[in-house]
Amino acid sequence: MDLSQLLTDVNDFVWGPIMLALLVGTGIFLTFRLKFLPWRNLIYAIKMITQKKAEHEGDLSPFQSLMTALSATVGTGNIVGVATAMVLGGPGAIVWMWISAAFGLSTKYGESVLAVKYRETNSVGEMAGGPMYAMKNGIGGTWGKIMAAAFAFFAVCASFGIGNMTQANSISAAFESSLNIPTWQTGIVLVIASLAVLMRGVHSIGAVSSFIVPSMAFFYLLFTAIIIIVNFKNIPEGLSVMFQMAFSTDAVAGGVGGSIVASMLTAMRWGVARGVFSNEAGLGSAPIAAAAARTDHASRQGYVNMTGTFFDTMIICMLTGLVIASSGVLGMTDESGELVSGAQLTIAAFATVYGEGAKYIVSIALALFAYSTILGWEYYGEKSLEYLVSNRVVIYAYRLVFSLITFIGATQTLDVVWNFSDTMNGLMAIPNLICLLILNNKIAEECFDYQNAVIAKEK
């Protein structure tokens, strides 16, 4: 059995029905447990993103913390992941991405609250927090420490997959196919660009993310909006096919859906998996950035970071899905008869409006999205490694190795990289979701206290 097949088999097991039920189920449970406050306060949370508050203990402003988290979430999942989900799970996968994100708001809120509540200060005066500290300080005891160590280990491994190799692979593949740039050249540029930011630490990551993320999101939304307007006559049919295939036991897409065959379970499997890959709700990664925020209340930063799931999946992923669905490219095949997927499918959709310029638009957007993800995930991996090994020399060595690994990611095959990433995601999520369920009372206390003491007065 080759490595690719082994990873595929492990991945299928990790992302089986139990994981899907645990991910979505935890979000549903927390949504009801918190009396739908994450949904009810979504507008409030969005308004609070850029609100100026008094200085509090922390390394980043609430906005920089969110941008660091968004830099890690807004990545290849929004371009490559959406296209892959729609080919493997049919157009209905987008509906399941949206559904999982809706309940993922509560999950992201809860894990961010715990991250701030149980954070610590490290040896150089920086904030250190995330699920591993919630497990150690919140759950406590031997069981809590074992869960914390397991999460931190999986997070370090995942940082090289979802946060590094997958991103570098997507950038190099897009540049090679669209611009004829050899993968090794892209790999060298990525190494240099990563080293330039990462070796300077969290403040450098926060500053760069605060510039790249809003800029790239604005231009991507602008380009996708134009396509949707041009192909607006196909939107009703596209939405109809999405919802039909999302809830049908055995559906074959027609019209704008091409000839994709996918059942409800298949749509759910790929929609949830790619949705989580994109917005990371339930993985426990984004709370690591939340813990660095300067804030006066754990719940305040919980609401701010929660908006990351909204922007990532409910806005950007949905727009990419509508672009593909309305362009009539889903189900198209290449010269060898294989279904076109990934970045090439998104480029084909953009080409219906922008022609040859599509490959430049998508490739540049993908490069910026993925590069920002590399930066954000290095921070996640670094803080997770810091929990396991406090030696600062090891931390600097990690920054160097992480930057160098981008070259390997840029020159490896897509299947191995994606399967490794999905597997590490699943293994990270398990202890994090268990922690959320165990500490749900603590999350609820913070939520209701903030609602009564702060939001009621601010409104």
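## A buried arginine and its partners

Arg392 is buried, with a relative accessible area of 18%. Buried here means under 20% relative accessible area, while exposed means over 50% and partly exposed covers what falls in between (1.4 Å probe, protein chains only). This is a predicted model, so local features need pLDDT of at least 70 and side-chain atom pairs count only at pLDDT 80 or more, while totals for chains, interfaces and linings use all residues. Residues are numbered from 1 along each chain as its sequence is written, and side-chain values use heavy atoms, with hydrogens and water left out.

What does the side chain of Arg392 meet in a salt bridge? The partner is Glu386, at 3.1 Å from N to O. A salt bridge means a side-chain nitrogen of Lys or Arg within 4 Å of a carboxyl oxygen of Asp or Glu. Glu386 is buried too, at a relative accessible area of 7%. Salt bridges with shared partners link Lys383, Glu386 and Arg392 into one network.

## Around Glu386

Let's stay with Glu386 for a moment. Glu386 sits in helix H17; helices here are DSSP runs of H or I with at least four residues, numbered from the N terminus. Glu386 also forms a salt bridge with Lys383, where the closest N and O atoms are 3.5 Å apart. Both of these residues belong to H17 (residues 357–388), and they are three residues apart, about one turn of the helix. Both Lys383 and Glu386 are buried.

Which residues does Glu386 touch, leaving out those up to four places away in sequence? They are Asn122, Ala128, Tyr133, Arg392 and Ile395. Touching, or contact, means heavy atoms within 4.5 Å.

## Another salt bridge

By the rule given above, the count comes to seven salt bridges. One more to look at joins the side chains of Arg300 and Asp296, with 2.7 Å between N and O. Is Arg300 buried or exposed? Arg300 counts as buried because its relative accessibility is 6%. Asp296, on the other hand, is partly exposed at 42%.

## Where H11 meets H16

Now for a pair of helices. H11 (residues 202–230) and H16 (residues 342–354) have axes that come within 9 Å and cross at roughly 65°. Axes are lines fitted to C-alpha atoms, for helices over the stretch in contact, and angles run from 0 to 180 degrees between N-to-C directions. H11 and H16 are therefore roughly perpendicular to each other. The cut-offs are under 35 degrees for roughly parallel, over 145 for roughly antiparallel and 65 to 115 for roughly perpendicular, with the rest oblique.

H11 passes H16 in a left-handed crossing. Left-handed means that the near helix is turned anticlockwise from the far one by less than a right angle, and right-handed means clockwise. On the H11 side, the contact involves Tyr220, Phe223, Thr224, Ile226, Ile227 and Val230, which meet Thr346, Ala349, Phe350, Val353 and Tyr354 of H16. The residues of this contact of H11 with H16 divide into nine nonpolar, two polar and no charged. For these classes, Ala, Val, Leu, Ile, Met, Phe, Trp, Tyr, Cys and Pro count as nonpolar, Asp, Glu, Lys and Arg as charged, and the others, Gly among them, as polar.

## Where H6 meets H15

H6 (residues 76–88) packs with H15 (residues 298–327) at an angle of about 55°, and their axes are 9 Å apart. That makes H6 oblique to H15. The crossing of H6 and H15 is right-handed. H6 contributes Gly77, Asn78, Ile79, Val82, Ala83 and Met86 to the contact, and H15 brings Asp312, Ile316, Cys317, Thr320, Gly321, Ile324 and Ala325. Sorted by class, the contact of H6 with H15 has eight nonpolar, four polar and one charged residues.

Take a closer look at Ala325, a residue of H15. Ala325 is buried, with a relative accessible area of 3%. How many Å separate the C-alpha atoms of Ala325 and Phe151? The answer is 37 Å, for two residues that are 174 residues apart along the chain.

## A loop with positive phi

Most residues other than glycine have a negative phi. Lys35 is not a glycine, yet it has a positive phi of about 55°. Where is Lys35 found? Look in the loop between H2 (17–33) and H3 (37–40). Lys35 is exposed, at a relative accessible area of 54%.

Phe36 is also in the loop between H2 and H3. Phe36 has a positive phi of about 60°, although it is not a glycine. With a relative accessible area of 26%, Phe36 is partly exposed.

Technical notes
Helix = DSSP H or I, 4+ residues; strand = E, 2+ residues; numbered from the N terminus.
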